[in-house]
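Please open the structure in your viewer and keep the sequence beside it, so that each selection can be followed in both places.

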Amino acid sequence: FMSEGRDPIDLDLTGDLSKLKEQCITIKEGCEYKLRFQFTVGNQIVSGLRLQQNISRKGVPVSKLNLMLGSFGPREEPHEITTPDDEAPKGMIARGKYHAVCKIIDDDKTVHLGWEWTFKIEKDW
């Protein structure tokens, strides 16, 4: 998670993914942010990799993202993808805790990685 005025927040997607759901990241309302992923591809080309993210608040869906990341071949150094800028909700009503369910899938609907994370929109960092 990257945003101006704050150091990047790293979410470790290589370890115990259930712990991410318990952590809560604070995001300043109205800030522009982007997500950056680093990953390696093993033996075969991965075709049509995409990020699916569903965000809900108190069980009510509020946002859905389906972003094409591309196709990637095997190599030793990690691939790096940065999403386009997005803006966090703002205003008193938007403040509160949100839950995100994410998947990285390919054209064959194979889920390569799935995780959940929680964030809180607040007036300040």
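Before the first selection, one term is needed: two strands count as paired if DSSP finds at least two bridges between them. Keep in mind as well that this is a predicted model.

Select residues 46-57, which are strand β5, and then residues 60-72, which are strand β6; the two run antiparallel and are joined by 10 bridges.

**Second stop: an open sheet**

Next, select β1, β3 and β8, which form an open sheet of 3 strands in that order, with antiparallel pairing. β1 (2-3) and β8 stand at the edges and have a single partner strand each, so one side of each is left without a neighbour in the sheet. Keep β1 and residues 32-34, the strand β3, in view: these two pair in the antiparallel sense over 2 bridges. To see residues that face each other here, pick M2 and then K34 in β3, which stands opposite.

Now select L13, F37, Q38, F39 and L113, which are the closest to the centre of the largest pocket among the 25 residues that line it. The space in this pocket is about 710 Å³. Colour β4 (36-39), β5, β9 (96-105) and β10 (111-122), because these are the elements that give two or more residues to its lining.

Finally, select Y33, I55, S63, D86 and P89, which lie nearest the centre of the second largest pocket, a pocket lined by 17 residues. About 220 Å³ of space lies in it. Two or more lining residues come from each of β5, β6, β8 (86-87) and β10. Which element gives the largest share of this lining? That element is β6, with 4 residues. By class, the lining of the second largest pocket holds 12 nonpolar, 2 polar and 3 charged residues.

Technical notes:
Residues are numbered from 1 along each chain as its sequence is written. This is a predicted model: local features need pLDDT of at least 70, side-chain atom pairs count only at pLDDT 80 or more; totals for chains, interfaces and linings use all residues. Side-chain values use heavy atoms; hydrogens and water are left out. On a 1 Å grid over the protein atoms alone, a cavity is a set of points where a 1.4 Å probe fits but cannot get out, and a pocket is an open set with protein on both sides within 12 Å along at least five of seven lines; lining residues have an atom within 4 Å of a point. Grid points are joined across faces, edges and corners, and a volume is the space filled by probe spheres set on the points. Ala, Val, Leu, Ile, Met, Phe, Trp, Tyr, Cys and Pro count as nonpolar, Asp, Glu, Lys and Arg as charged, and the others, Gly among them, as polar.
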